[in-house]
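Please study the sequence and the structure shown below before reading on.

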Amino acid sequence: MTSVELTFGDEWDLVADVVVVGSGAAAGSAAATAAAAGAQVVVLEKASWVGGTTARSGGVMWVPNNPVMAEMGLVDERDDAVHYMARTAFPTRYQRDHPTLGLRENSLRLIEAFYDHGRTALEHLCSIGALTLEHVPYPDYYADLPVDKAPFGRTLKPIFPEGWTRGISPTGGQILADMYIDAAVAHGAQLRLEHEVRHVIRDASGRVIGVEARAGTRTVIIGARKGVIFGTGGFIHNKEMRFAYLRGPVLGSAATEHATGDFVRIGIEVGAELGNMSHAWWDQVAVEHAVTVPSTLKDVYNPYGDSMIIVNKHGRRVVNEKAVYKERGT
């Protein structure tokens, strides 16, 4: 964020206080928050629709000590939640009695910040009309671990419209993304679809003061008086980045086909420190389907019922079906 007032000449196509790149959950919540606080906001989305990869999801979120838990009378103590997150996020490093639980200092601080601010963030988004919430009635994926002292209540979703039907109505993620962007627009934000941000623009001192975007056949430059926020970064559909950063081979993904790593390149251009590039929310997909349809929602989820097994084409059991699906996909 810039700390002094900037002035912009006529060469700029558009100037706002805050430029938000992307329109999924991260970008949309940032846009709604900034607009509700009185900032002039412009949202730039590469695709011709709102939502990004968020729109390909169920719209479900996991937040400890959230306001819905409080309404339900459920308790989620800080130490308990922090230990649980450390144990599940870093299972090979977690040490219960270590000063930083066996984690690097910044990793532990990030987990603590999630607990400390998650509830407040949700309450604020609800207060500005950007979100409605309800409890999803299933337990944590690792509810069997003794360290999980609050196995129910942390999982939430937006309240879907009456008559919502799975597989026919918009996804929960699309509903969530629409809520955020609708709230941002209601508070005065501008939405520009089919605007592909290619570079950030910096002044002589190196401060980011805007972005360069491609809109159809035109190049447009958009100034930011207070800052530029990127809510993008997925690169699964960039073959070179996928090969460089991920354990492979990765043939398919639920991510939108627009996830081609634009921000990875932009971030490198401005010297950003990139981290956790080899991590993802893994899932299983059928190889034959992923080869022909690399952007797919057809995954291999948890088959319910103790009598169900997964076999390969030779009839051999090849996996622990009851393992959490994100771990079966690693």
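Does Thr 296 count as buried or exposed, and at what relative accessibility? Thr 296 counts as buried because its relative accessibility is 5%; buried means under 20% relative accessible area, exposed over 50%, and partly exposed in between, with a 1.4 Å probe and protein chains only. The model is a predicted one, in which local features need pLDDT of at least 70, side-chain atom pairs count only at pLDDT 80 or more, and totals for chains, interfaces and linings use all residues. Residues are numbered from 1 along each chain as its sequence is written, and side-chain values use heavy atoms, leaving out hydrogens and water.

Thr 296 lies in the loop between α8 (287–292) and β11 (299–300); helices (H or I, at least four residues) and strands (E, at least two) are DSSP runs, numbered from the N terminus. Beyond its neighbours within four places in sequence, Thr 296 is in contact (heavy atoms within 4.5 Å) with Arg 56, Ser 253, Ala 254, Val 285 and His 289.

The loop between β11 and α9 (325–328) holds Tyr 301. Tyr 301 counts as partly exposed because its relative accessibility is 34%.

A further region is the open sheet, whose three strands follow the order β3-β5-β4 with antiparallel pairing; two strands pair if DSSP finds at least two bridges between them. Its edge strands, β3 (61–62) and β4 (134–135), each pair on one side only. Strand β5 (residues 155–157) runs antiparallel to β3 and is joined to β3 by two bridges. Within β5, Leu 156 stands opposite Met 61.
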